[in-house]
Amino acid sequence: MILLIYCHPYDQSFNHAELEVIKENLSAAHQEYQVIDLYAEQFNPVYSKEELKLYHQGQTTDPLVTKYLKLCQQAKTVIFITPFWWNDIPGMLKGFIDKVMKEGEGLSHTVTKIGVKGELTNVQHCYVLTTSTSPTWYIRFVLGNAIKKIFINKTLLQLGFRNVKWQNFGLISNSSEKRRKKYLTKLHFQRFRV
């Protein structure tokens, strides 16, 4: 199963257009997928005191956390669709990682004497699709490439995700309709490995 984790509040955004194209792509290829739409499902990314107390027990007071973790445990491929805001992933997506990725054997990760061991090794392929106002080269070489160095090479790796690829549509604010359509057409025919 392919899991799409979509993080944007506006259904007229380019990120939403990416989501729709990928859904069409997967449907045309007869690939089974599920969508987590964090804003539409009104996921609360903020920990309450009550929920934080349950963290080390691998428990939650939020039924969406349970649902999302189960979907992550079933997925062979995960596709994140998100903007890149202020040199990082949005707070909503960071809150998803903070709350859904529960510590404990059989959950998302365990903490050992030598570090974090990922339990989500079922995720054999992962794609991180971002949009940004900055050009991609600027993110990579001037801003320090946080998306790759932290989110992909640290966070997702610690969760057990493998074969993670990042692609960014940069200069989104000044992009022409022609360039956007070209990118979406390419995305429509892109093969997402399961």
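The bend at a residue is the angle between two axes, one fitted to the seven residues ending there and the other to the seven starting there. Helices (H or I, at least four residues) and strands (E, at least two) are DSSP runs numbered from the N terminus. The model is predicted, so local features require pLDDT of at least 70 and side-chain atom pairs pLDDT 80 or more, while totals for chains, interfaces and linings use all residues. Residues are numbered from 1 along each chain as its sequence is written, and side-chain values use heavy atoms, without hydrogens and water.

Helix α6 (146-159) bends by about 25° at I152. Its buried residues are I147, F151, I152, L156 and L159; buried denotes under 20% relative accessible area, exposed over 50%, and partly exposed in between (1.4 Å probe, protein chains only). The cover over these residues includes β3 (77-83), α4 (91-100), β4 (109-112), β5 (115-118), β6 and β7 (164-169). Just after α6, G160 adopts a positive phi of about 105°.

Strand β6 (residues 125-131) contains T130, which counts as buried because its relative accessibility is 0%. Beyond residues up to four places away in sequence, T130 touches T82, F84, I147, W166, Q167, N168 and F169, contact meaning heavy atoms within 4.5 Å. The side chains of T130 and N168 also make a polar contact of 2.7 Å (a pair of N or O atoms within 3.5 Å; within protein, one must be able to donate a hydrogen and the other to accept it, and residues adjacent in sequence count only if both atoms are side-chain atoms).

L143 counts as partly exposed because its relative accessibility is 30%.
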